[in-house]
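Subject: Structure handover

Hello,

Here is the structure we discussed, with notes on what turned up in it. Please look through it before reading on.

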Amino acid sequence: MKVLKFYADWCQPCKMLSRVIDDAETGDVQFENVDIDQNMEMAKQFSIRGVPTLVLVDEEGNEVRRQSGMMAEDKLLEFLKG
């Protein structure tokens with residue numbers, strides 16, 4: 001599984017979440033950054049309404065769960081574990 005992180009360069013909460021992700025012990029979870037301004041089609045495909053939004057997808061690219069907004073490290077780890 002991997003996490004799609006939908007963000008925008010102008011989004012301050014997105015920058016804060018990036019720091020949380022960098023500092024967290026996320027194990028072998030792969031994160032893919034998706035800039036909504038550069039990749040509008042993918043943002044549309046996943047019906048992204050706000051950033052930051054994390055979307056956990058399975059091996060086939062199907063959405064498992066999502067979380068929008070800034071989150072602390074403990075909430076991030078909860079999201080990853082389900």
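How many aromatic pairs does a search of the whole structure find? The search returns 1 aromatic pair. The ring centres of Phe6 and Phe46 lie 5.7 Å apart and the ring planes stand at 50 degrees, so the pair counts as tilted. Phe6 belongs to strand S1, while Phe46 lies in the loop between H2 and S3; with 40 residues separating them, the pair links distant parts of the chain. Both Phe6 and Phe46 are buried. Please keep in mind that this is a predicted model.

Sheet

The sheet is open and has 4 strands in the order S2-S1-S3-S4, with mixed pairing. Its edge strands are S2 (30–35) and S4, each of which pairs on one side only. From one strand to the next the twist averages 20 degrees.

S1 and S2 are parallel and share 6 bridges; Lys2 is opposite Gln30 of S2. Helix H1 (residues 12–23) packs on the sheet, with contacts to S1, S2 and S3, and its direction is at about 155 degrees to that of S1. Helix H3 (residues 73–81) also packs on the sheet and touches S1, S2, S3 and S4; the angle between its direction and that of S4 is about 165 degrees.

S3 pairs with S4 (residues 63–68) in the antiparallel sense over 5 bridges, and Leu56 faces Arg65 of S4. The hairpin formed by S3 and S4 has 5 residues between the strands, and Gly61 there has a positive phi near 90 degrees.

Cores

The largest nonpolar core has 15 residues, of which Leu4, Phe6, Ile36, Phe46, Ile48, Val51 and Val55 touch the most other members. Both rings of the aromatic pair, Phe6 and Phe46, are thus on that list. At least two residues of this core come from each of strand S1 (2–7), helix H2 (40–45) and strand S3 (53–57). S1 gives the largest share, 3 residues. Leaving out residues up to four places away in sequence, Ile36 touches Phe6, Tyr7, Ala8, Trp10, Ala43, Ile48 and Val51. A second core, separate and made of 11 residues, has Leu17, Met71, Leu76 and Phe79 among its members.

Charges over rings

Lys5 places its charged end over the ring of Tyr7, at 5.3 Å from the ring centre. Arg65, the residue opposite Leu56, has its charged end over the ring of Phe79, 5.7 Å from the centre.

Regards

Definitions and conventions
Residues are numbered from 1 along each chain as its sequence is written. This is a predicted model: local features need pLDDT of at least 70, side-chain atom pairs count only at pLDDT 80 or more; totals for chains, interfaces and linings use all residues. Side-chain values use heavy atoms; hydrogens and water are left out. A nonpolar core is a set of buried Ala, Val, Leu, Ile, Met, Phe, Trp, Tyr and Cys residues joined through side-chain atoms within 4.5 Å. Buried means under 20% relative accessible area, exposed over 50%, partly exposed in between (1.4 Å probe, protein chains only). Contact means heavy atoms within 4.5 Å. Two strands pair if DSSP finds at least two bridges between them. Axes are lines fitted to C-alpha atoms, for helices over the stretch in contact, and angles run from 0 to 180 degrees between N-to-C directions. Rings of Phe, Tyr and Trp (its six-membered ring) pair if their centres lie within 6.5 Å; planes under 30 degrees apart count as stacked, over 60 as edge-to-face and the rest as tilted. A charge sits over a ring if NZ of Lys or CZ of Arg is within 6 Å of the ring centre and within 35 degrees of the ring normal.
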